[in-house]
Amino acid sequence: MGNEVQPCVLAAGDTMPDFHYDTPFAKDVSIAQTAKQAKWTAVLFLRYYGCTLCQYDIQRLAQQYDRITDKGGQALVVLQSDPDKLAQQMTPDDLPFAIVCDPTEALYHRFSIKPAESMVKMADAKTMAKIAKATAAGIKHGDYEGDELQLPAAFVMDEKCLIRYAHYGKSAGDVPDAQALADLMN
């Protein structure tokens, strides 16, 4: 029990603690090594792959990913999804960024990314507008995983893991898009 990591709230100016993660197609990847691969790295914490809002945010990020790469950046999306299950639903080339799988929610706890107090408190006008856009785009809810009340978070860090931007979402739809993330990569 002495090796437990104390939870922390990340803020601009902090260094992202190194952690290792799995994707559907890679195991035991270091965030510090990942950060060295680009000038900037955006790390988005969403809920899980079956979530309608998360699918919408992932799809939009993929469609607009060149806005991030044009600034010398890259992105990772953290989900409370099982990597083996996702590997059955996608191929390594489906997305231009990696999906970090955290089915035990360890990273969410480590970085104090809290769930909402209730479904009512996690849905605001921005969330409802995103749900309408996702529905209009034909996105359907998939399998439920993780914490249904989980709120999002977003961090932008440099190649040395220095956090330049930290945002803890106030609602399920409170996630910066690719352009907003790219604008932070200066």
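Modeller: Phe45 and Phe111 are both buried, a word kept for residues under 20% relative accessible area, with exposed meaning over 50% and partly exposed the range in between, for a 1.4 Å probe and protein chains only. The model is predicted, so local features need pLDDT of at least 70 and side-chain atom pairs pLDDT 80 or more, while totals for chains, interfaces and linings use all residues. Residues are numbered from 1 along each chain as its sequence is written, and side-chain values use heavy atoms, without hydrogens or water.

Colleague: How many aromatic pairs does a search of the whole structure find?

Modeller: The search finds eight. One of them joins Phe45 and Phe111, edge-to-face, at 6.3 Å centre to centre and 75° between the planes.

Colleague: Why is the pair of Phe155 and Tyr168 called edge-to-face?

Modeller: Rings of Phe, Tyr and Trp (its six-membered ring) pair if their centres lie within 6.5 Å, and planes under 30 degrees apart count as stacked, over 60 as edge-to-face and the rest as tilted. The centres of Phe155 and Tyr168 are 5.6 Å apart and their planes stand at 80°, so the pair is edge-to-face.

Colleague: How do you know whether Phe155 is buried or exposed?

Modeller: Phe155 has 0% relative accessibility, and therefore counts as buried. Tyr168, with a relative accessible area of 18%, is buried as well.

Colleague: What makes strand 6 largely enclosed by the rest of the structure?

Modeller: Strands (E, at least two residues) are DSSP runs numbered from the N terminus, as are helices (H or I, at least four). Six of the six residues of strand 6 are buried, so strand 6 is largely enclosed.
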